[in-house]
Amino acid sequence: METSSFTGGDSDVSGLAIALFARMPFAGHTFLDIRVPFGLAIDERTDAVLGNVTLGAHHIARAGRRLWLTVGGAVGLATLSSQTHHHSSYEPVGASRAYWDLHEYFPSILPIHARLGAEAHFGPLIARAQLEPVLYIPLGRNEEYELAIQHAAELQIGHGIGGGLRVQGMALPTFDNVSVRHAVTRNLYVFALEPFLTIERKLTFLRAGLLLPLDEELGPPLDHTWGFRFSAGVRVD
């Protein structure tokens, strides 16, 4: 389970995103992936949404004693529609992750998500990098193709129990012209920092972080908005 929440420092708007996900071994180091996202938007009323469910796969390859590479992708199901949901019911939910995985809470699209990742170990240090372009194929009244390029880098100290800093960005080069109403329109880059703590054991893992958005719309952190992210899971062999 992965959850994130945010509140606006100068408004009564808040959002909560919850994603249930599974990574199932298929062959060797290849895994089948499924994510089922839900959301709550709280303003003058509370609205619940089912985000765009995604199905995909990824493969992890060892590229040396200390380096692992990940390649994969996913296709989304268009379960969120702008015709059946008001924009206020999904905008705050996507903002709770500084718009990371925005396609899960963007209406009237069929998302195609590619994933590239790397993880390197240097003694107690762990470095990670992600590059994930997402193509938004329009459906229904939506007429515009969109492209999002999400990317992140992390540096962690400690293995079983550790902490570190994540730097993430969302490049939205085509979002100056969007058919459906959304708060992210014309915000072509979203940047955020996340200090985090993690605990990893053989069968379980926990991770918690404080999301600090720095872009003009969501930032400055702890003033205009702030967010909290938490994920937990178990491994079943």
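Tyr105 is buried, with a relative accessible area of 0%, where buried means under 20% relative accessible area, exposed over 50% and partly exposed in between, using a 1.4 Å probe and protein chains only. The model is predicted, so local features need pLDDT of at least 70 and side-chain atom pairs count only at pLDDT 80 or more, while totals for chains, interfaces and linings use all residues. Residues are numbered from 1 along each chain as its sequence is written, and side-chain values use heavy atoms, with hydrogens and water left out.

**Tyr105 and its surroundings**

- Tyr105 sits in the loop that runs between helix H1 (91-95) and strand E7 (109-122); helices (H or I, at least four residues) and strands (E, at least two) are DSSP runs, numbered from the N terminus.
- The side chain of Tyr105 reaches the backbone oxygen of Phe38 at 2.7 Å.
- Computed along the sequence, Tyr105 and Ser89 are 16 residues apart, and in space they are 9.5 Å apart, C-alpha to C-alpha.

**Asn52 and its surroundings**

- Asn52 lies in the loop between strand E4 (46-50) and strand E5 (54-62), and Asn52 is buried, with a relative accessible area of 0%.
- The backbone oxygen of His103 is reached by the side chain of Asn52 at 2.8 Å.
- Leaving aside neighbours within four places in sequence, Asn52 is in contact (heavy atoms within 4.5 Å) with residues including Pro37, Leu77, Thr79, His103, Glu104 and Phe106.

**The chain as a whole**

- The protein chain has 1 helix and 13 strands, and read along the sequence they follow the pattern β-β-β-β-β-β-α-β-β-β-β-β-β-β.
- For 237 residues, a compact globule would have a radius of gyration near 18 Å, and the protein chain agrees with this at 18 Å; the radius is taken over C-alpha atoms, and the globule rule is 2.2 Å times the number of residues to the power 0.38.
- Taken along the principal axes, the C-alpha atoms of the protein chain fill a box of roughly 50 × 40 × 30 Å.
- Of the 237 residues in the protein chain, 42% are buried.
- Among contacts in the protein chain with a separation of 6 or more, 56% are accounted for by residues 24 or more positions apart.

Definitions and conventions
Polar contact = N/O pair within 3.5 Å; in protein donor to acceptor, adjacent residues only side chain to side chain.
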